[in-house]
Amino acid sequence: MPHITLTAIDKIYDGEQKAVDNLFLAIPDGAFMCLLGPSGCGKTTTLRMIAGLEQPTAGEIRVADRTLDSVEQGVFVPPEKRQMGLVFQSYALWPHLTVQKNVDFGLRIKKIPSRERAERTEEVLSLLRIDKLKDRFPAQLSGGQQQRVALARMLAVNPSVLLLDEPLSNLDARLRLEMRAELKRIHDRWRTTIVFVTHDQLEAMTLATLVAVMNDGVLQQLGSPMEIYDRPANRFVAEFVGNPPMNYVARDDTSGPKVASSLVGYAASVGELADPVGAVGVRPEALRLSSAPTAVPPGAWHAPARVEAVLPTGASWTVQLRVLDGTFYLVSADPIEHGADDEVTCWTRASDLHVFDESDTRMTAYDDAVTASSIQVGSDA
Amino acid sequence: MPPEPPRGRFGRTKYHLAVARHEPTKLIGVLLAIVFLYLIVAPILSVASDAFRVHFGDHVHTGQEPGAWTGYYLWRVFRSDVSSILFWQPFLNTIVIAVGTTLFALVVGGAMAWLIARTDLPGRKWFSTALVVSYMMPSWTFALAWLTIFKNRRMGGRQGFLEAMGVQVPDWLAYGAFPTIVALGLHYYPFVLLLFGNALRRMDSQLEDSARVLGARRRTIAQRIVLPLMLPSLTSAVLLIFAKILGTFGTPYILGLPVDFQVMSTSLFQSIRNRQNGVAAVIALVVIVVGILVILVDSKILKEYRRFVTVGSKGSMDRRTKLRRWRMPALGLAMTVFTASVIIPIGVLFLSTIQRIPGRFELSNFTLRYWIGTDLDSVAFPRGVLVSGELYSAMWNSFRVVGLAAVCCGVLGLLVGYVVVRTSGTRLSSMLRQISFLPYLVPGIAFAAAYLSLFAVQRGPVPALYGTFTILVIVMVIGNLPYSSRAGISAMMQLGREPEEAAQVSGAGWWRRMTRIVTPIQKGALVTGIILPFISGLKELSTVIMLATSNTELLTTLSVNLVDFGYLQLANAVVLIIAAMAFVATYLAQRLTGSSLASGLQG
């Protein structure tokens with residue numbers, strides 16, 4: 001049963017275009033849900049609307065069987081009555097209160113007896129491993145410690161939903177990794193529904209059980225991280241998720257018309273598609289190199305290419321390729337033997353192509369056709 | 001897709017009401033906006049309408065019914081036989097004073113700023129505080145000191161020091177344009193010192209170094225790099241002084257009256273005293289329009305320059321010009337400025353209060369009667385200031401009015417900041433921001449005239465406020481509102497809305513958020529927001545001179561009244577008391593809040 005339901009949510013700020021446009025979202029109980037998108041896509045607004053800090057222009061928000069907002073029926077539950085937790089990007093710790101008092105605050109408001117309060121505070125502080133800092137003021141803490149206090153403050157009141165607004169974006173790379181693990185641990189232990197907002201697709205992929213990709217206030221795709229990655233619903237999702245981004249050619253591309261028509265033609269014939277293909281994408285790690293066209297497995301798409309630059313990162317190799325008249329990126333886990341200016345053949349399997357129609361929507365007909373044919377032919381090992 | 005949610009009747013309205021019930025911010029904002037519209041925009045509209053409506057008693061001259069639309073006052077002010085006295089001469093004088101004072105302040109303040117910020121002048125740090133002192137004194141302190149020294153036989157009462165020593169002082173030196181310029185210049189040069197000095201200090205010395213590396217000579221660097229970069233702060237200082245002088249009253253009144261030297265502010269004051277309300281309204285409108293023009297030009301210039309002004313600020317290394325053999329002369333110059341702007345005025349004022357006949361340095365001539373005497377040979381003020389009731393009642397009034405106004409300023413400022421930040425992005429937010437800035441455009445004395453026009457009689461449910469403490473408090477609060485709300489907005493901006501929202505999500509209602517989170521965090525800003533208006537309010541004269549009556553005498557108006565009566569020594573004593581209070585308050589404020597003098601630029 002879905003825990004949080006957003007129905008037909010619109011949000012329009014004074015005299016501006018829609019920040020959120022007709023959003024439907026169902027978040028299951030216990031989910032670790034991520035709202036992913038570029039800045040200004042409406043994800044933070046959505047989060048703030050769930051918290052009640054922002055009011056929708058139209059629509060309804062429910063948690064479990066309680067209506068929190070319903071513009072049409074005139075129902076509004078103020079944020080202080082929603083029993084949620086919200087961790088801000090800036091942490092928003094209260095500078096005039098110690099760590100303990102910061103964490104204590106919500107419990108005091110709930111009028112919980114002081115013994116119980118102390119126990120609860122102690123428990124959360126030690127869960128987040130900051131029990132030694134309880135008498136310090138926020139200004140005396142490092143960024144990572146502040147982050148933990150902000151989390152502890154919201155966990156203390158045992159919220160039915162925990163909302164996180166870009167919680168890791170102010171931390172350095174190492175701390176971010178540590179806090180990611182921390183968040184996962186908390187979710188595993190607490191089993192609360194967590195909704196968090198990020199523009200970092202890696203964060204979304206590693207943490208979430210469910211990802212909602214948004215752009216321009218419109219929900220683009222909702223699915224598990226692997227679904228989002230493997231079967232992006234449209235061009236926006238395909239290009240936004242993945243790093244380096246997906247190699248993408250459109251039929252009317254002016255930058256690489258030859259390689260575009262080659263890939264589009266290949267996809268149309270392999271998928272036996274009746275509708276015209278608009279664009280084709282292939283992820284960098286799905287591209288392969290061979291020294292000669294003869295080494296390419298039968299049936300795979302291939303084209304002559306020239307190596308322009310090889311960029312080793314230590315764990316993998318990124319290659320910039322000139323494929324016919326277009327520029328592609330390739331990522332390989334194995335060492336690349338070629339050097340700059342080598343003439344090679346670049347190829348990929350039919351099942352690794354992402355095919356979109358002229359309105360940039362995924363053509364599932366292609367996926368079905370390829371799956372069917374690979375069952376017939378057998379996997380091309 | 002799931003079905004659309006069911007639509008109830010009036011759901012949307014009900015929803016907004018439900019939100020408003022739990023979130024009073026918007027309501028507070030709307031209330032503030034209404035109050036400000038009434039207290040800021042309505043007086044200006046009222047004075048504008050006064051300028052074009054026939055007043056009772058003038059129907060004989062105009063041949064129109066009272067209340068009818070008329071161009072009579074425009075004609076009277078701009079084209080009639082008396083318009084030269086009413087308007088053109090004061091207008092010209094104002095320009096002379098403004099230009100003269102600005103130049104004076106620019107030369108003195110600019111030189112001092114350069115010496116302090118960019119050279120190895122001995123005692124730079126001390127001077128950077130000492131040279132600002134003259135701005136902390138009431139602006140007409142210098143006028144009184146000037147009179148005390150240069151007053152000649154033209155005026156009644158005791159003569160000045162020089163006359164007492166047997167020197168004939170010509171009128172041009174004693175009264176009118178020249179002394180006004182010097183007195184105002186001595187008061188306003190710290191303005192340039194602070195603004196220009198700040199800009200000099202913040203300038204990235206790498207910019208100069210780059211020019212030097214490219215082979216530029218000092219002179220070229222100064223002309224082509226430093227000066228253009230400093231121009232915005234200089235123009236800003238100049239225009240602000242210009243705007244201030246437009247509304248300043250005390251100095252031109254004290255030094256101009258004996259020779260009938262009128263500026264716009266004093267002419268406006270006279271018109272109101274003579275109950276020529278229509279004429280006064282026209283003059284007030286002119287003052288307002290000129291004030292607005294000056295500020296608009298300033299903001300336009302600043303906007304033009306903003307393109308490059310923000311560049312730099314990093315690597316502002318301490319690079320100072322070595323003065324070498326000019327070091328001592330420079331020190332002498334700085335000491336001279338300090339002496340002229342602080343020691344002489346205060347010393348002269350003090351001396352005059354302890355001498356029977358000013359300027360005669362014999363032991364028998366010294367007396368404490370002006371402070372504690374009980375048998376002064378005057379009818380209206382027979383007792384010394386410290387033993388007469390007037391001082392204490394005026395002091396008590398000042399404390400009450402200024403204190404209440406200052407508390408209102410502090411609270412209102414933060415409240416405006418709160419609403420502006422909480423509702424940021426909405427029309428309410430930007431409207432509130434703009435209205436609260438409006439009084440900045442209106443010179444103080446014109447604002448007082450506008451208040452007189454609106455609140456002299458009962459209007460609807462609002463009783464006639466003229467002669468009450470309420471109107472003094474209101475005019476002080478509104479006059480200070482631009483500074484207060486700007487400070488409040490920046491304090492709230494710095495805090496952001498998130499700490500409060502965190503409390504909200506944790507379950508705290510509005511009142512608890514205000515008392516437990518917002519107010520404790522903003523304690524420092526609140527204290528500063530009260531103390532600064534308090535200091536400037538103690539010295540405020542232009543806005544209150546027209547609104548205070550004998551029942552609502554303040555320290556500042558008392559001192560000017562004493563001048564009117566010709567009791568210079570008593571007036572001097574009162575001004576010294578005001579200055580002492582302002583000093584103490586400033587000192588305490590600095591100790592308490594660590595705020596710098598530069599932030600006290602208001603008032």
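Here are my entries, topic by topic.

**Ground rules.** I am working with a predicted model, where local features need pLDDT of at least 70 and side-chain atom pairs count only at pLDDT 80 or more, while totals for chains, interfaces and linings use all residues. Residues are numbered from 1 along each chain as its sequence is written, chains are lettered from A and ligands numbered from 1 in the order in which they are written, and side-chain values use heavy atoms, without hydrogens and water.

**Domains of chain B.** I looked up how chain B is divided, and found domain 1 (91-274 + 290-361) and domain 2 (389-603); such bounds come from an automatic or database domain assignment. Their C-alpha centres lie 25 Å apart. The contact (heavy atoms within 4.5 Å) takes 44 residues from domain 1 of chain B and 36 residues from domain 2 of chain B.

**The largest nonpolar core.** I noted the meaning first: buried Ala, Val, Leu, Ile, Met, Phe, Trp, Tyr and Cys residues joined through side-chain atoms within 4.5 Å. Buried is under 20% relative accessible area, exposed is over 50%, and partly exposed is in between (1.4 Å probe, protein chains only). Which members of the largest core touch the most others? Of its 132 residues, they are B:F36, B:W140, B:L144, B:Y451 and B:M546. Helix α19 (residues 389-422) of chain B gives the largest share, 15 residues. Helices (H or I, at least four residues) and strands (E, at least two) are DSSP runs, numbered from the N terminus. I then followed B:F36, whose contacts beyond four places in sequence include B:V41, B:L412 and B:L481. A second, separate core has 86 residues, among them A:L6, A:L97, B:V505 and B:A508.

**Two buried residues in helices of chain B.** B:T353 sits in helix α17 (residues 327-353) and counts as buried because its relative accessible area is 0%. A polar atom of its side chain lies 2.6 Å from the backbone oxygen of B:F350. B:P482 belongs to helix α22 (residues 469-495) and is buried at 1% relative accessibility. The C-alpha atoms of B:P482 and B:G413 are separated by 8.6 Å, although the two are 69 residues apart along the chain.

I found A:D325 in the loop between β16 (317-323) and β17 (326-332) of chain A. A polar atom of the A:D325 side chain does lie 3.0 Å from the backbone nitrogen of A:V259.

**Salt bridges.** A:E123 pairs with A:R120, with the closest N and O atoms 3.5 Å apart. Both are in helix α3 (residues 114-127) of chain A, 3 residues apart, so about one helical turn separates them. A:R251 and A:E358 form another, at 2.5 Å. Each lies in a loop of chain A, so the pair ties together parts that are 107 residues apart in sequence.

Key. Polar contact = N/O pair within 3.5 Å; in protein donor to acceptor, adjacent residues only side chain to side chain. Salt bridge = Lys/Arg side-chain N within 4 Å of Asp/Glu carboxyl O.
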